[in-house]
Amino acid sequence: MFDILVYLYETYYRPDACPEPAALARKLSAVGFDDVEISEALVWLTDLTAMAGVEHTLTATSTGTRFYVQQESDVLGADAIGFIQFLESARILSPLQREIVIERALALDEAPVSLGKLKVIVLMLLWSQGKEPDALMFDDLFIDDEDLPPRLLH
């Protein structure tokens with residue numbers, strides 16, 4: 001599914017450039033993606049688009065601290081939670097966007113969610129909202145962190 005999401009991001013500069021779901025499914029199938037993965041990706045993307053279009057002014061300006069329940073911690077893992085907190089503190093994600101990222105990660109059938117997949121979720125959220133990360137953040141979203149030592153706070 002994530003290969004399809006990355007393909008969409010790379011192929012369609014803006015989400016409104018994507019064809020309708022039925023035509024998109026045919027194009028993805030013609031490119032060689034599996035029908036089951038296409039279906040999963042389209043459902044996941046439709047849910048993301050529905051959530052990303054919702055505006056809540058109270059949560060968008062929240063300055064509170066986010067605590068993760070055990071289920072969220074189990075699914076996300078420490079690396080993903082740390083990365084989400086980093087993105088929020090860098091003002092890449094608003095509190096509302098953070099919640100969408102968490103919900104979309106919880107919708108996956110894996111635990112813990114790899115940092116690479118979480119980065120794709122963030123990228124797809126920003127893409128679905130028509131926002132583009134700045135160049136430094138874009139690089140950070142595409143660097144493979146599994147090959148790097150962990151970040152240390154000083």
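**Entry 1, a charge over a ring.** I started with lysine 119, which lies over the face of phenylalanine 83, 5.3 Å from the ring centre. I am working from a predicted model here. Phenylalanine 83 is buried, with a relative accessible area of 2%. Lysine 119 is also listed among the buried residues of α7.

α7 covers residues 115-128 and spans 20 Å from first C-alpha to last, close to the 20 Å expected. Twelve of its 14 residues are buried, including Leu118, Ile121 and Trp127. Glycine 130 follows α7 and has a positive phi, near 75 degrees.

How many aromatic pairs does the structure hold? I found two. Tyrosine 7 and phenylalanine 33 are edge-to-face, at 5.5 Å centre to centre and 65 degrees between the planes. This pair links helix α1 to the loop between α2 and α3, 26 residues apart. Tyrosine 7 is partly exposed at 25% relative accessible area, whereas phenylalanine 33 is buried at 18%.

Phenylalanine 83 and phenylalanine 86 have ring centres 6.0 Å apart and planes at 35 degrees, so I logged the pair as tilted. Both lie in helix α5, three residues apart, about one turn. Phenylalanine 86 is partly exposed, at 33% relative accessibility.

I counted eight helices and zero strands. Buried residues make up 38% of the 154.

Notes
Residues are numbered from 1 along each chain as its sequence is written. This is a predicted model: local features need pLDDT of at least 70, side-chain atom pairs count only at pLDDT 80 or more; totals for chains, interfaces and linings use all residues. Side-chain values use heavy atoms; hydrogens and water are left out. Helices (H or I, at least four residues) and strands (E, at least two) are DSSP runs, numbered from the N terminus. The expected span of a helix is 1.5 Å times one less than its number of residues. Buried means under 20% relative accessible area, exposed over 50%, partly exposed in between (1.4 Å probe, protein chains only). Rings of Phe, Tyr and Trp (its six-membered ring) pair if their centres lie within 6.5 Å; planes under 30 degrees apart count as stacked, over 60 as edge-to-face and the rest as tilted. A charge sits over a ring if NZ of Lys or CZ of Arg is within 6 Å of the ring centre and within 35 degrees of the ring normal.
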